[in-house]
Amino acid sequence: MSLDRVARERLVRALAGAVIEHADELTSLDQAIGDGDHGLNMKRGFEAVLAALPGLADKPLPEMLKAIGMTLVMKVGGASGPLVGTFFMELGKALPEQPSRADLVAATERAIEAVKARGRSEAGQKTLLDVLVPVHAILAGGGDAKAIAIEAVQAADRTTPMLAIRGRASFLGERSIGHMDPGSRSASLLISAAVETLEFEVNT
Amino acid sequence: MSSLRPGNVGIVIVSHSPKIAEGAADMVRQMVGDAVPLAWTGGDVDGGLGTNVAGILEAIETAWSPAGVAILVDLGGAETNSEMAVEMLPEDRRARVLVCNAPVVEGAVIAATESSGGSPLAAVKRSAEEFYA
């Protein structure tokens, strides 16, 4: 996978655009089972990421990802800032400037472990890990961009009947059942945006 | 807000609401006095309800003590953001800052009471956490 400056900027704009365009949807998902700030928080974070362009895309991929992660950590507020921010920062630490698919598999695995540690959580607790973990399995198994995007959407859907065990929704106990996890939805949006942008590179 | 008494463990109060954080700090001051370094932070970067890492880092700096700092948090993001802030501290400070699993208002008062008697960080954390355990 080779990402030149233009591709890096396109990637950043796609990630931010996906979150910002769906901010209202994320907020209404969070109003159902959380504290209703997920859309606003993520939007604030990614607006700050956009504001760091064009300089952000001048950085090599690892540095760019670390900078995105740090911006999210500092700007998002709420638990999703450290969780999503940690994911990007760890990706940045693990990926070389021109990553192969194997590099991407290894780096996302490391980033997922860091998210688990940060949230003291595992898949199955109605969190973004319920998207990250199954999507990683598709990536590791050789799935193409389309298969990854489909799994991201379906994995987020599968959080709807789950009982929340971590995060604010866990306060609701059984009442968390029947609503999609907002963090899973935003993770799914980010993954879809990323693979759409990287579609031509991800299989090389 | 802060006051310096280098021997005692510092207390940081982190709430989604700046009013709660400030109010809890007022209670600590009234009930425990000025014997402990104390700081509070609350709200997201736009001033709405939430917590933010930069504010927490600043509060840790304000309440810093060589004896360490105990952080009291309210809900979810306050804890996650506090843990993130601790990890971003210089390495020599990291092990001397602990996030307490205790109710924010009561925990802050109890932790500050324990600290005011000169107890070490681990004891300050333990008494905050044991009160409601």
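1. Which residues in α3(A) meet which residues in α10(A)? This is a predicted model, and in it the α3(A) side of the contact consists of A:His38, A:Met42 and A:Phe46. Facing them from α10(A) are A:Pro182, A:Gly183, A:Ser186 and A:Leu190. Sorted by class, the residues in this contact are 4 nonpolar and 3 polar, with no charged ones.

2. A word on the geometry of that pair. Two packed helices are described by the angle between their axes and by the distance between those axes. Here helix α3 (residues 38-51) of chain A packs against helix α10 (residues 182-198) of chain A at about 35 degrees, and the axes lie 10 Å apart. The crossing of α3(A) past α10(A) is right-handed.

3. Please also look at the loop between α3 and α4 of chain A, where A:Pro54 is placed. The peptide bond joining A:Leu53 and A:Pro54 is cis, with omega at about 0 degrees.

4. Next, the salt bridges. Over all chains, the count comes to 19. One of them pairs the side chains of A:Arg5 and A:Asp58, at 2.5 Å from N to O. A:Arg5 belongs to helix α1 (residues 5-21) of chain A and A:Asp58 to helix α4 (residues 55-58) of chain A, so this pair ties together parts that are 53 residues apart in sequence.

5. Turning to the interface, how many residues does the contact take from chain B and from chain A? Chain B gives 17 residues and chain A gives 16. The area buried between the two chains is about 1400 Å², and carbon and sulfur atoms give 55% of this. On the chain B side, B:Val45, B:Thr80 and B:Met84 lose the most area to chain A, together making up 31% of what that side buries.

6. Which parts of chain B supply the side that touches chain A? Both α2 (53-62) and α3 (76-87) of chain B supply at least two residues each, and α3(B) provides the largest share, 7 residues. By class, the residues on this side of chain B divide into 6 nonpolar, 6 polar and 5 charged.

7. Finally, I would take a look at A:Arg120. Its side chain meets that of B:Glu83 in a salt bridge, at 2.7 Å from N to O. Where in chain A does A:Arg120 lie? A:Arg120 is in the loop between α7 (101-119) and α8 (129-140) of chain A. Its phi is near 45 degrees, a positive value in a residue other than glycine.

How values were computed
Residues numbered from 1 in each chain as written. Chains lettered and ligands numbered in written order. Predicted model: local features only at pLDDT ≥ 70, side-chain atom pairs only at ≥ 80, totals over all residues. Heavy atoms only, no water. Axes fitted to C-alpha atoms, helices over the stretch in contact; angles between N-to-C directions. Helix = DSSP H or I, 4+ residues; strand = E, 2+ residues; numbered from the N terminus. Left-handed = near helix turned anticlockwise from the far one by under 90°. Contact = heavy atoms within 4.5 Å. Nonpolar A, V, L, I, M, F, W, Y, C, P; charged D, E, K, R; others polar. Buried area = accessible area lost by both parts, 1.4 Å probe. Salt bridge = Lys/Arg side-chain N within 4 Å of Asp/Glu carboxyl O.
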